[in-house]
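Visitor: Please take a close look at the aromatic rings of this model and how they pair.

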Amino acid sequence: MSLHKEGIHVKKWILLSVLFVAIITGILVNVYLNAMEPVSAAENKAVKIAAKETSLSDFTDFNLYSGEETYYVMTGKNARQEDVYVWINEKNGELITRIAKNGITKKEALNKLYQEKNPDEIIAVRLGMARIQKTDRPAWEIYYRKNSDTINYYYVDFETGEKLRAINNL
């Protein structure tokens with residue numbers, strides 16, 4: 001085989017490899033965008049509800065929280081440019097707002113956990129709702145591992161900083 005033919009052969013393989021990578025990348029991007037579409041639709045719905053029902057603006061930090069009920073949770077700004085947390089019940093559209101500085105911070109919620117437990121790894125800390133005696137209360141949900149293999153949840157009341165409940169050793 002001559003050098004000329006080998007060069008053409010190598011160029012074909014490079015071109016096919018680049019084409020293959022481009023096709024796989026396109027497929028993965030499409031899968032990702034399709035997976036994110038419901039979250040994006042939920043965020044748009046939540047922003048519309050909050051804008052209609054409150055005087056808040058500049059919504060950020062959207063999350064879907066799935067506990068006993070599903071809530072849309074996000075941060076908005078009031079007229080004084082203070083952060084306000086918003087919880088919207090997905091099912092009935094009921095809305096709860098709390099000024100961020102009037103509740104405990106994520107760090108304070110973690111400190112409450114560390115006072116009682118000794119987690120090996122904090123996986124996530126997010127705002128959610130804890131159902132206590134048939135009443136939903138804004139809370140920090142801390143998802144953590146202990147003993148490297150057990151999953152645990154710890155809920156801290158957003159307003160009081162008190163432990164609401166714990167789910168251990170899942």
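Guide: The model is predicted, and the values below are computed from it. The ring of Tyr153 takes part in a stacked pair with Tyr155, with 6.5 Å from centre to centre and 20° between the planes. Tyr155 is at 5% relative accessibility, so this residue counts as buried. Over the face of Tyr155 lies Arg165, 4.6 Å from the ring centre.

A pair of aromatic rings is described by the distance of the centres and the angle of the planes. The model has 7 aromatic pairs in total. Among them is a second stacked pair with Tyr153, formed with Tyr143: here the centres are 5.0 Å apart and the planes make an angle of 10°. This pair links distant parts of the chain, since Tyr143 belongs to strand β6 (residues 135–146) and Tyr153 to strand β7 (residues 150–157), with the two tyrosines 10 residues apart. Tyr143, at 22% relative accessibility, counts as partly exposed.

Tyr153 thus pairs with Tyr143 and also with Tyr155; of these partners, Tyr143 is partly exposed and Tyr155 is buried. Elsewhere, ring pairs join Tyr85, Trp87, Trp140 and Phe158 into a cluster.

Technical notes: Residues numbered from 1 in each chain as written. Predicted model: local features only at pLDDT ≥ 70, side-chain atom pairs only at ≥ 80, totals over all residues. Heavy atoms only, no water. Phe/Tyr/Trp six-rings, centres within 6.5 Å; stacked < 30°, edge-to-face > 60°. Helix = DSSP H or I, 4+ residues; strand = E, 2+ residues; numbered from the N terminus. Buried < 20%, exposed > 50% of the residue type's maximum accessible area, 1.4 Å probe, protein only. Lys NZ or Arg CZ within 6 Å of the ring centre and 35° of its normal.
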